[in-house]
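My plan was to look up a few places and write down what I found.

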Amino acid sequence: MDLKEKLRILSDAAKYDVSCSSSGSRRKSVQGQLGSTENAGICHSFTPDGRCISLLKILMTNYCIYDCAYCINKRSNHVERAAFTVNEIVELTINFYRRNYIEGLFLSSAIIQNPNHTMEMLTQVVKKLRNEYHFGGYIHLKAIPGASEELIHEAGLYADRMSVNIELPSDASLKLLAPDKKKEEIFKPMKDIKQNQLMHLEERKKFKKAPVFVPGGQSTQLIIGATPDSDLNILSLSEKLYQKYSLKRVYYSAYTPVNKGKNLPDLISPPTLREHRLYQGDWLLRYYGFKANELLDEKHPHFDTYLDPKTSWALNNLHLFPIEVNKAPYHMLLRVPGIGVRGAQKIVSSRRLAPLQFDDLKKLGIVLKRAQYFITCNTKYYGIVDIDESKIRRILTPQTMLLEENNPYEQLSLFSLNFLPSSNLSLNQPLNKSTILLEDTPTALTGEL
Amino acid sequence: MLDYLYDGSFSGYLTTLFYAYPLKEEVRIYKELTYSPSLLTTSKYITTEEDKSERVYQSILTKLSYSTLDNLYNIYLSDEVESETLGLKYIKLCYHYGDDINLAKNNDIIRTVDLTCKRVWKEVHRFYGFVRFKEIGPLTFYAAIEPNHNILPLMMGHFKKRFSDQNFIIHDQKRHCAMIYNQQEIYISYLSIEDSHQLAKAEIRDNFEELFKTYYKATTIAERKNPRLQNSWMPKRYYKHLVELD
Ligand code: SF4
């Protein structure tokens with residue numbers, strides 16, 4: 001099989017891993033050697049689905065000894081199979097990198113022979129890149145669940161980021177859909193990586209020259225919509241991961257139905273709206289000081305389809321509002337729907353010189369459409385309706401905004417998630433296809449909520 | 001109305017600021033090369049004077065701040081029609097109210113300055129990714145770009161650091177200039193389109209472009225197609241030099 005065929009098969013097989021980020025690492029570049037990393041990450045291209053291409057994201061092989069129900073590469077599937085040699089991966093990476101196609105390599109693999117063997121092969125690739133080619137670009141390496149601690153440790157000396165995909169957000173789901181994988185085996189490498197990071201940080205305090213260990217931190221991915229887990233379960237899990245394992249990012253991947261199976265939901269298309277709400281919720285955890293249990297609870301375990309999580313929260317906590325933009329502390333400004341991190345910073349900066357007028361707010365990038373109901377400006381309230389939950393809710397709920405691919409029939413069919421509020425949308429009416437883009441779509445990407 | 005014209009260099013621009021600043025009358029500033037005269041305005045060409053330019057530079061640096069000087073440089077590099085005039089208004093504002101006026105994110109001039117700088121840096125950051133090299137000799141690479149802003153000067157550090165062991169040319173075909181690096185030095189110099197055709201002829205035939213196209217196609221998730229989103233990240237105007245798109 002020629003290289004092009006292999007590349008086609010093994011990048012196709014890797015594409016459902018959503019993380020392509022090249023951020024967070026500050027490996028020092030060396031004059032006379034190839035490569036550098038950029039703390040903010042760099043996108044080199046964008047695919048027609050709107051995702052960033054930053055890394056050469058491939059599997060080393062898609063031959064697998066396991067049989068996870070949701071996975072296209074599972075043992076019992078009849079798909080094209082291929083395997084790269086170490087040299088092929090190194091050649092591709094170096095030559096793509098020299099042409100500025102990529103930031104580096106994201107190498108993952110299905111499980112061949114056993115976890116240790118697989119991890120060893122992956123490590124060989126990164127070792128060759130770093131030691132023989134002195135490659136200083138970004139490397140994201142999968143830690144294979146079940147691989148030994150020593151192997152994980154060795155790999156971590158060469159990678160910028162490592163990740164272990166949890167994929168399924170609960171024990172029950174894991175047993176159902178990935179019977180070969182054990183929860184402990186997934187969390188074990190995470191723990192190892194975290195401990196090694198701490199250890200190396202300590203060492204670097206003593207010796208400047210001590211090696212770095214996974215400087216870009218670790219991340220994971222959760223599949224959304226393949227199992228009945230609620231948004232509350234998922235977001236609480238993320239919260240724990242950020243706290244306990246100091247994860248840099250949790251990625252959410254709307255389940256794309258690649259297989260059929262009795263334990264799998266019958267989705268017609270991936271639940272991308274739900275994924276979108278989870279990303280918004282995730283930003284609120286990481287940058288806005290929210291806790292998962294403030295945003296969702298047992299009574300409301302799912303995000304509102306129609307309102308972003310921050311607006312939902314504010315409406316449920318209307319007694320805290322309105323706040324005065326010229327006085328409110330930064331952390332309260334952050335809680336106002338329509339005021340993002342940058343907006344809040346600009347408010348704090350500008351009001352040091354003179355009190356802000358209401359007209360100024362728009363210039364600072366505040367989305368007044370949402371913010372007006374939650375603030376006063378020089379004690380005056382500018383909302384076009386009274387501060388009343390149902391009135392504001394009515395006015396902020398879009399009339400037609402369902403994404404085409406998020407047609408609720410499809411999501412409801414299996415788990416009957418209580419996604420549809422008993423509102424103004426009749427299920428029997430054809431959806432208006434011209435209004436398929438959510439107004440708040442970019443917020444899940446920029447984090448300005 | 002009075003239009004001041006200059007040679008397009010940053011020194012030239014600073015010299016122009018030197019003469020325009022004290023005037024009561026409203027002055028607009030343009031590059032001579034792209035200026036189209038009109039009947040209603042008088043125009044005057046300002047010759048670059050290094051000492052005047054240096055005085056303005058030092059004055060901004062000491063009386064205002066490094067970051068204000070930096071903003072002015074970015075405004076100049078934005079290469080937008082009214083940007084030089086915006087720079088003049090900005091400097092006037094800063095001298096009048098003091099450098100702290102930069103905090104007033106609600107002030108219209110400050111806001112326009114911030115937005116302009118942001119646009120420029122957004123494009124710089126985009127081109128960290130969108131530059132596509134072709135190999136035209138052993139370890140020697142050429143790339144063509146056509147950015148909206150004059151971003152080459154802002155991209156030098158990044159590319160030098162990253163590709164320090166290869167020779168490369170990044171050619172701004174719109175402005176006929178190129179960033180050239182020979183594993184030692186990096187500089188910007190004039191380069192015509194004709195010259196670049198010569199260079200392109202030397203391209204070494206390899207299949208990495210083909211392989212990258214294969215990768216680009218295979219990594220797309222068809223079920224999630226969203227051209228609007230794609231376009232917002234990677235506007236069509238950049239497609240011409242992106243080898244993976246055709
Ligand atoms: S281990 Fe499971 S998820 Fe991974 S490649 Fe094999 S079948 Fe797919």
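**Entry 1: a proline in chain A.** In which loop of chain A does A:Pro322 lie? I looked it up, keeping in mind that the model is predicted. A:Pro322 is in the loop between helix H10 (309–316) and strand S9 (323–324) of chain A. I then checked the peptide bond that joins A:Phe321 to A:Pro322, and it is cis. Its omega is about -5 degrees.

**Entry 2: another loop of chain A.** I went to A:Glu167 next. This residue is not a glycine, yet its phi is positive, at about 60 degrees. I placed A:Glu167 in the loop that runs between strand S6 (161–163) and helix H5 (171–177) of chain A.

**Entry 3: the ligand.** Where does the ligand sit? I found it in the largest cavity. I listed the residues around the ligand and noted three cysteines, A:Cys64, A:Cys68 and A:Cys71. Two tyrosines are there as well, A:Tyr66 and A:Tyr70.

**Entry 4: where the chains meet.** How many residues of chain B are in contact with chain A? I noted 57 residues of chain B, in contact with 61 residues of chain A. Between them the two chains bury about 5,400 Å². Carbon and sulfur atoms carry 57% of that area.

**Entry 5: a hairpin in chain B.** I finished with strands S4 (residues 134–137) and S5 (residues 140–145) of chain B. They pair in the antiparallel sense, over 3 bridges. B:Gly137 has B:Thr140 in S5(B) as its bridge partner. The hairpin has 2 residues between the strands. In this hairpin, B:Leu139 takes a positive phi, near 55 degrees.

How values were computed: Residues are numbered from 1 along each chain as its sequence is written. Chains are lettered from A and ligands numbered from 1 in the order in which they are written. This is a predicted model: local features need pLDDT of at least 70, side-chain atom pairs count only at pLDDT 80 or more; totals for chains, interfaces and linings use all residues. Side-chain values use heavy atoms; hydrogens and water are left out. Two strands pair if DSSP finds at least two bridges between them. Helices (H or I, at least four residues) and strands (E, at least two) are DSSP runs, numbered from the N terminus. A residue is near a molecule or strand if one of its heavy atoms lies within 4 Å of it. On a 1 Å grid over the protein atoms alone, a cavity is a set of points where a 1.4 Å probe fits but cannot get out, and a pocket is an open set with protein on both sides within 12 Å along at least five of seven lines; lining residues have an atom within 4 Å of a point. A molecule sits in a cavity or pocket if more than half of its atoms lie within 2 Å of its grid points. Contact means heavy atoms within 4.5 Å. Buried area is the accessible area (1.4 Å probe) that two parts lose on being put together, summed over both.
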